[in-house]
Amino acid sequence: MNNQTNEQSNEQREAAAQAAIEKRRARLKNESTRIIEIANNESYSALKCIHQLSVAGGATEATYIAIEQRIVVDQDPAGAYHLALLAQNTPDLPIDARQLIELVVNKGDNHQRLALLKNLPLPPVELIKAQILASDDGEAIGQMNAYLQINPEGYGSHHMLSSGQSDQLVPLSRGNSNN
């Protein structure tokens, strides 16, 4: 009798766990649908969508694709920066991080370029360097040179943190004024 009670209790726990998984899956699907709707219909909504994706705790592949498409259509370097960082930390996302990084390097400001340099595990150092030097922004050039002096390979803060040095992730970049 006791064995039978334990089996029933285990079955109930498994059923409850499965129900919780299904409930979370349904919630994520609903959130994904809502975020896709925003990405498809609101210009410069990438940062808003990325934030909501983060609050939801994940999303469907279609959600990430919709956000990437919104970024590309808007040529939004702020959104590209944040989605590229997300992609670097989650390698199986169905997005082209290189395209996003190039958008930031080519269309972003020096603040965003420096943030890429510091936060990507393997940033395109030479491309970033060329754009910052071409800008003739003395402050940005000084920051870049100071950073590259302590980290000539440009391995990003992930490498520096693992090697015992401290650095911090650059906070949310300044958004586009068209938002």
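Predicted model: local features only at pLDDT ≥ 70, side-chain atom pairs only at ≥ 80, totals over all residues.
Colleague: Thanks! So where is Ser 45?

Modeller: Ser 45 sits in the loop between helix H1 (2-41) and H2.

Colleague: Is Ser 45 buried or exposed?

Modeller: Ser 45 counts as buried, because its relative accessibility is 2% and buried means under 20%.

Colleague: Which residues does Ser 45 touch, leaving out those up to four places away in sequence?

Modeller: Ser 45 touches Ile 38, Ala 39, Arg 70 and Asp 74. With Ile 38, a polar atom of the Ser 45 side chain lies 3.4 Å from the backbone oxygen.

Colleague: Nice. Now H2 and H4: how do their axes cross?

Modeller: The axes of H2 (residues 46-56) and H4 (residues 77-89) cross at roughly 30° and come within 8 Å. That angle makes the two helices roughly parallel, since angles under 35 degrees count that way.

Colleague: And which residues meet there?

Modeller: From H2, Ala 46, Leu 47, Ile 50 and Leu 53 meet Ala 78, Gly 79, His 82, Leu 83 and Leu 86 of H4. Seven of the contact residues are nonpolar, two are polar and none is charged.

Colleague: New topic! Which residues of H7 are buried?

Modeller: In H7 (residues 125-134), they are Val 125, Ile 128 and Ile 132. These fall within an arc of 70° seen down the axis, so they line one face of the helix. Glu 126 and Ala 134, on the other side, are exposed.

Colleague: What covers the buried residues of H7?

Modeller: The cover includes helices H5 (97-107), H6 (110-119) and H8 (138-150).

Technical notes: Residues numbered from 1 in each chain as written. Heavy atoms only, no water. Axes fitted to C-alpha atoms, helices over the stretch in contact; angles between N-to-C directions. Helix = DSSP H or I, 4+ residues; strand = E, 2+ residues; numbered from the N terminus. Parallel < 35°, antiparallel > 145°, perpendicular 65-115°, else oblique. Contact = heavy atoms within 4.5 Å. Nonpolar A, V, L, I, M, F, W, Y, C, P; charged D, E, K, R; others polar. Buried < 20%, exposed > 50% of the residue type's maximum accessible area, 1.4 Å probe, protein only. Polar contact = N/O pair within 3.5 Å; in protein donor to acceptor, adjacent residues only side chain to side chain. Arc of directions from axis to C-beta.
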